[in-house]
Amino acid sequence: MTSIGQRPTQPRELVRAVDRVSFLYLERCVVNRDSNAITATDERGTVHVPAASVGVLLLGPGTTITHQAIALMSDSGSTVVWVGEQGVRYYAHGVSLARSSRLLEAQAEAVTNRRSRLRVARAMYEMRFPDEDVSSLTMQQLRGREGARVRRVYRQHSERTGVPWSKRTYDVEDWESGDPVNQALSAANSALYGIVHSVIVALGCSPALGFVHTGHHRSFVYDIADLYKAELTIPVAFDVAAETATDIGGETRRLLRDALHGGKLLERCARDIQRLILSPEENDETAEEYLDFDVISLWDEHGNFVPGGVSYGGES
């Protein structure tokens, strides 16, 4: 165990974010600390994982974590997120993986400038229309194009599964009032929101600063989740409805969990967020260095930055 008086690990001593195992998911085990490794113990035994190699630790159902393990993760520049089974719920998180505010600042700057906000919004729609030029379309035109695309996807999966489809309806106060496919869609989308929320906070971004959605504390979560619904949640929902499952919510979450097994969506989501927020000049192979940057500066009204940790008492 580390002694109480041991100094914190310095940023230059940490493993760079780009070289880490990005996301590690654990469930139904006790998470502890052994020297500089976190341990996961269940009835099958104990596994040791070097803490410095983990970017984000996702704690699923049935996990218990010790104070020492949390202290080690924090000292190692990693973050911990409490999630549902296979990450399909977001509950809470610890410190962000990012040691820098630069990605958050880039998000805030982009969303508060009309031109850059439109650029990011168009880029989000462009990801859904890879064969079309959307660079000159207004937001109203993009919303119309997206609505037509989603209706077409619904019809395709209705024909594939034989599940009747009329329209998307749901009541947040009365989930069970919807038909089976709408219940499954709500459950699948809720699970997807949990996964996306986990990635956003792990990167140090704000879940509230959306580009298409606005005014809600999860606006950016909805923005990013919309990128994946056509290929993930919609087909899963129609498959569940076709099976006439008795536990629609539970079966939907399990099917989506299986579709996401392996964590590939987590890594893809992290890349997409950085590509959308960072400018074309910044968005290169070194983008993940924004997570490692650990310099404190002071702002002044001339748009410059001056070093922190310096006494400026002599200035007039």
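1. R28 is partly exposed, at 47% relative accessible area. Here buried means under 20% relative accessible area, exposed over 50%, and partly exposed in between, with a 1.4 Å probe and protein chains only. R28 sits in the loop between β1 (21-26) and β2 (30-34). Helices (H or I, at least four residues) and strands (E, at least two) are DSSP runs, numbered from the N terminus. The phi of R28 is positive, about 50 degrees, although R28 is not a glycine.

2. Some ground rules for reading the values. This is a predicted model, in which local features need pLDDT of at least 70, side-chain atom pairs count only at pLDDT 80 or more, and totals for chains, interfaces and linings use all residues. Residues are numbered from 1 along each chain as its sequence is written, and side-chain values use heavy atoms, with hydrogens and water left out.

3. What does the side chain of R28 meet in a salt bridge? The partner is E27, at 3.3 Å, N to O. A salt bridge is a side-chain nitrogen of Lys or Arg within 4 Å of a carboxyl oxygen of Asp or Glu. E27 is partly exposed, with a relative accessible area of 26%.

4. S35 also deserves a backbone check. Its phi is positive, about 60 degrees, and S35 is not a glycine. S35 lies in the loop between β2 and β3 (37-42). At 43% relative accessibility, S35 counts as partly exposed.

5. Overall figures for the chain. There are 9 helices and 10 strands. Of the 316 residues, 42% count as buried. Take contacts (heavy atoms within 4.5 Å) between residues at least 6 apart in sequence: 60% of them join residues at least 24 apart. The accessible surface is about 17300 Å², and carbon and sulfur atoms account for 50% of that. Accessible areas come from the Shrake-Rupley method with a 1.4 Å probe; for residues, only the protein chains shown count as cover.

6. Helix α4 next. Residues 139-161 form α4, and E146 is found there. The helix has 23 residues and reaches 33 Å from its first C-alpha to its last, close to the 33 Å expected at 1.5 Å a residue. That expected span is 1.5 Å times one less than the number of residues. G162 follows α4, with a positive phi near 80 degrees.

7. Which residues of α4 are buried? They are L142, E146, R149, V153, Y154, H157 and S158. An α-helix has 3.6 residues a turn, so residues three or four places apart point the same way. The cover over the buried residues of α4 includes α3 (114-128), α5 (180-202) and α7 (233-242).

8. Is E146 buried or exposed? E146 counts as buried, because its relative accessibility is 11%. Leaving aside neighbours within four places in sequence, E146 is in contact with Y125, R128 and F129.

9. Salt bridges across the model. A search of the whole structure finds 10 of them. D42 pairs with R44, the closest N and O atoms being 2.7 Å apart. D42 is partly exposed at 22%, whereas R44 counts as exposed at 73%. The side chains of D226 and K229 meet in another salt bridge, at 2.9 Å, N to O. Both D226 and K229 are buried. Salt bridges that share partners join R128, E146 and R149 into one network.

10. Cysteines. How many disulfides does a search of the whole structure find? The search finds 0, a disulfide being a pair of cysteine sulfur atoms within 2.5 Å. C269 is in no disulfide; the nearest cysteine sulfur belongs to C205, 9.8 Å away. C269 is buried, with a relative accessible area of 1%. C29 is buried too, at 7%.

11. A surface patch. I70, W82 and Y91 make a nonpolar patch of about 290 Å². Patches are made of residues with over 30% relative accessible area and no salt bridge: like charges are joined within 9 Å, nonpolar side chains (Val, Leu, Ile, Met, Phe, Trp, Tyr) within 5 Å. Y91 lies in strand β8 (residues 90-93). Y91 is exposed, with a relative accessible area of 55%.

12. Last, the loop between α4 and α5, where T169 lies. At 33% relative accessibility, T169 counts as partly exposed. T169 and D179 are 10 residues apart in sequence and 8.6 Å apart in space, C-alpha to C-alpha.
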